[in-house]
Amino acid sequence: MDLTADEARRLILRAQGFLGAGGRKGGPAGMLRRLGAVQLDTISVLARSHELVAYARLGAIGRPAVERAYWSGSAFEYWCHAACILPIEHWPVYAFRRRAYRERRFRWHEVPATVGDILDRVRRDGPLTTGDIGGAKKGGPWWDWSDAKISIEFLLDVGDVVCVRREGWRRVYDLAERAIPAEFREIDLTDEECVTRLTTIAGRSLAVATRADLIDYTRVRDKHAAMLDDALLSGASGLLPVTVAGWPPARRGGPNAWADPEALALGEARGRHRTTLLSPFDSLIWERARAERVFGMAHRLEAYVPKEKRVHGYFAMPVLHGGKLIARVDPGREGTTLVAKRVTLEPGVKKLDAVEEALREAATWVGCTGLRIEEIR
């Protein structure tokens with residue numbers, strides 16, 4: 001099947017909840033199930049990224065409602081594209097990753113011999129936070145973890161404990177056998193079955209994706225990446241090969257993308273969406289090569305770039321308008337004023353009206369009563 005780049009872009013927007021009536025069904029919980037994964041990040045400017053993802057699709061929904069949807073026991077945290085909130089029913093799909101961590105017994109740190117003591121403590125006293133068990137060593141760098149912190153994170157990686165809620169920004173750890181419903185814990189999938197299902201989930205979320213896009217979503221590598229390839233080529237994933245005009249050719253010839261059959265069956269993606277700011281960690285744009293391919297914007301997060309070398313700003317947020325990315329805004333707050341420290345318009349965009357509209361709506365959502373734009377480029 002052949003698709004134009006514009007058709008692919010609109011299918012992607014619909015699958016991601018920006019076009020069509022289905023994008024608002026079920027509120028933030030329904031949104032999470034459709035996206036399959038919502039990335040977490042520590043940076044908070046207007047709000048934390050997982051809140052911004054819901055806001056971009058659902059509008060000025062109350063932030064407590066978003067938090068309840070994520071931390072009410074119907075979702076859990078684990079490693080997908082990055083650290084993500086995932087629907088609780090996806091627990092069996094990540095068994096391959098939990099097994100891989102258990103086999104390695106190492107990620108950023110050697111696992112201390114006392115890991116069993118921490119598990120016993122969670123079993124006896126949980127749920128617990130890192131503060132309860134002893135977290136990172138005060139005053140040291142982020143990787144300078146205590147043995148207790150290393151242990152609890154390893155137990156999370158291998159699935160002995162799980163995080164299904166947070167207090168403030170701190171994970172609350174509990175035994176998986178207490179927090180994950182038995183109906184999901186009792187599903188036993190092989191690595192191949194896990195990767196196949198995860199590939200299907202990624203394809204449904206992305207609608208139209210290259211192999212590289214699917215690898216980025218799932219973060220599989222080596223033997224698991226080979227399993228993803230097998231799932232695509234055998235048809236086990238259910239995704240269909242398509243050719244998108246203007247997208248780079250496949251390295252070995254043939255179709256250059258894969259599409260969700262349900263997205264194709266719905267036909268042309270129609271409708272309009274409100275103009276909105278996007279978190280750089282939003283799944284619509286979280287992979288930079290994909291964002292440039294689909295929307296023509298070469299965007300990067302500059303939070304970790306030295307200030308004097310930043311082009312667009314610390315937490316520049318792309319502005320989605322009319323199905324396209326028209327600008328970038330680096331936001332901040334001064335009391336009750338939302339400050340756009342820098343607005344960078346995309347080539348060909350002459351007016352600021354749509355950007356200002358998005359900024360005013362975002363200001364209201366976060367409780368600001370004023371707006372100030374300091375610089376326009």
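**Entry 1: the salt-bridge network.** I looked up which residues are joined in a network of salt bridges, and I found Glu 77, Lys 149, Glu 153, Arg 166 and Arg 171 linked in this way. I take a salt bridge to be a side-chain nitrogen of Lys or Arg within 4 Å of a carboxyl oxygen of Asp or Glu. I note at once that this is a predicted model, in which local features need pLDDT of at least 70 and side-chain atom pairs count only at pLDDT 80 or more, while totals for chains, interfaces and linings use all residues. I also note that residues are numbered from 1 along each chain as its sequence is written, and that side-chain values use heavy atoms, with hydrogens and water left out.

Are Arg 171 and Glu 153 buried or exposed? I find that Arg 171 is buried, and that Glu 153 is buried too. My terms here are buried for under 20% relative accessible area, exposed for over 50%, and partly exposed for what lies in between, with a 1.4 Å probe and protein chains only.

**Entry 2: other salt bridges.** I recorded that the structure holds 28 salt bridges, and I looked at two further pairs. The side chains of Arg 274 and Glu 361 meet in a salt bridge with an N to O distance of 3.1 Å. Because Arg 274 lies in the loop between α14 (261-265) and β11 (276-277) while Glu 361 lies in helix α16, the pair ties together parts that are 87 residues apart in sequence. Arg 274 is partly exposed at a relative accessible area of 23%, and Glu 361 is partly exposed at 25%.

The other pair is Arg 121 with Asp 125, whose closest N and O atoms are 3.7 Å apart. Both belong to helix α6 (residues 115-125), and because they are 4 residues apart there, about one helical turn separates them. I find Arg 121 partly exposed, with a relative accessible area of 28%, and Asp 125 partly exposed as well, at 36% relative accessibility.

**Entry 3: the sheet around β4.** I next followed an open sheet of 3 strands, which has the order β2-β4-β3 and antiparallel pairing. Its edge strands are β2 (38-39) and β3 (75-79), each of which pairs on one side only. I count two strands as paired if DSSP finds at least two bridges between them. Strand β4 (residues 83-87) pairs with β2 in the antiparallel sense over 2 bridges, and Val 38 has Ile 85 in β4 as its bridge partner. Between β3 and β4, which run antiparallel, there are 5 bridges, and Ala 75 stands opposite Pro 87 in β4. The two strands β3 and β4 form a hairpin with 3 residues between them.

How many of the residues of β4 are buried? I find that 5 of its 5 residues are buried. Both faces are covered, with Ala 83, Ile 85 and Pro 87 on one side and Cys 84 and Leu 86 on the other.

**Entry 4: the sheet with β9.** I then turned to an open sheet of 4 strands with mixed pairing, in the order β1-β9-β10-β8. At the edges stand β1 (2-3) and β8 (208-209), and because each has a single partner strand, one side of each is left without a neighbour in the sheet. Strand β9 (residues 240-244) runs parallel to β1, and 2 bridges join them; Leu 3 has Val 244 in β9 as its bridge partner.

**Entry 5: a loop residue.** I looked up Val 366, which is found in the loop between α16 (353-365) and β15 (370-373). Val 366 is buried, with a relative accessible area of 8%. The C-alpha atoms of Val 366 and Arg 63 are separated by 8.8 Å, although these residues are 303 residues apart along the chain.
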